[in-house]
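Please look through the structure below with its pockets and its surface in mind. The paragraphs that follow take these topics in turn.

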Amino acid sequence: MLVYGSCVARDTVEAAGDRIDLRGYVARQSLLSAGSDASAHLPDDLGLESSFQARMVRADFAGLLPARLAELADGIDLLLWDLADERHGVHRFSDGTFVTRSIDTIRSDAVAAVLDEAVHLPFGDDGHFALWRERATRFVEELRRQGLLERTVVLEVPWALRTTEGASTPWSMGVRAGDANARFARYYATLHDLGVRTIALPPESVLADPGHRWGLAPFHYAPGVYAEILRRLQDEHGVDGVALPS
């Protein structure tokens, strides 16, 4: 399996434990950034303590997703894709290249200074969506050419409105769950129109977990959510060996 996305797919894989053979993980990279080489704008010293965060920022600036797909396409049975990393939008430089606005780029003073010179395109705005829809169309064609489209599943999981304790979920980066779900709707609709397979969970079945290892957020779900995703990967999409025991 190759994961392209962030917390939703990542935590699903972790819930499956050793039942999934994870061959690669491309995180914190918007589809607009994928294939867009903005390395010329990348500072030499990112000032990030985490080596994982630094790798993801460098990979995002280089737009490395297409290269990883080409490298791994023949050796994976599933491309598990979520749209979580689209949620902060992207930055477009004057040369037309893109980088993802992520928690890592915000935390790096050196990167943040570079991004001040670029235009921020917020997720959900008409301009962002128009560019994303065009890129999604080309990306799906790339997947089809590589024989990967039939092995691709998108996790269409809404942000949780409530926690397992019945409380409202907190806002994330100034966005509340209901508004985020409304913004995501036309992006998922685009993927449906392009023939991409999805696992869509209804909002009432999705709860956030206050005890989640990464903290409380509307996209950090209760264990049952991940178990349901894994069950449907097996039952609906024929991905063997990933369902958790009942």
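In sorting residues by class, Ala, Val, Leu, Ile, Met, Phe, Trp, Tyr, Cys and Pro count as nonpolar, Asp, Glu, Lys and Arg as charged, and the others, Gly among them, as polar. With these classes, the lining of the largest pocket in this predicted model divides into 13 nonpolar, 7 polar and 7 charged residues. The volume of this largest pocket is about 520 Å³, and of the 27 residues that line it, Arg10, Arg28, Arg87, Ile103 and His220 lie nearest its centre. Helices α1 (7-16), α2 (51-62) and α4 each supply at least two residues of this lining, and the largest share, 3 residues, comes from α4.

Helix α4 covers residues 103-107 and includes Ile106. Ile106 is described as partly exposed because its relative accessible area is 31%, and a patch takes in residues with over 30%.

The second largest pocket holds about 200 Å³ of space, and its lining is made by 18 residues, of which Glu156, Val157, Pro158, Asn181 and Tyr188 lie nearest the centre. Strand β7 (152-156) and helix α7 (177-193) each supply at least two residues of this lining, with α7 giving the most, 4 residues. By class, the lining of the second largest pocket has 15 nonpolar residues, together with 1 polar and 2 charged ones.

Conventions: Residues are numbered from 1 along each chain as its sequence is written. This is a predicted model: local features need pLDDT of at least 70, side-chain atom pairs count only at pLDDT 80 or more; totals for chains, interfaces and linings use all residues. Side-chain values use heavy atoms; hydrogens and water are left out. Buried means under 20% relative accessible area, exposed over 50%, partly exposed in between (1.4 Å probe, protein chains only). On a 1 Å grid over the protein atoms alone, a cavity is a set of points where a 1.4 Å probe fits but cannot get out, and a pocket is an open set with protein on both sides within 12 Å along at least five of seven lines; lining residues have an atom within 4 Å of a point. Grid points are joined across faces, edges and corners, and a volume is the space filled by probe spheres set on the points.
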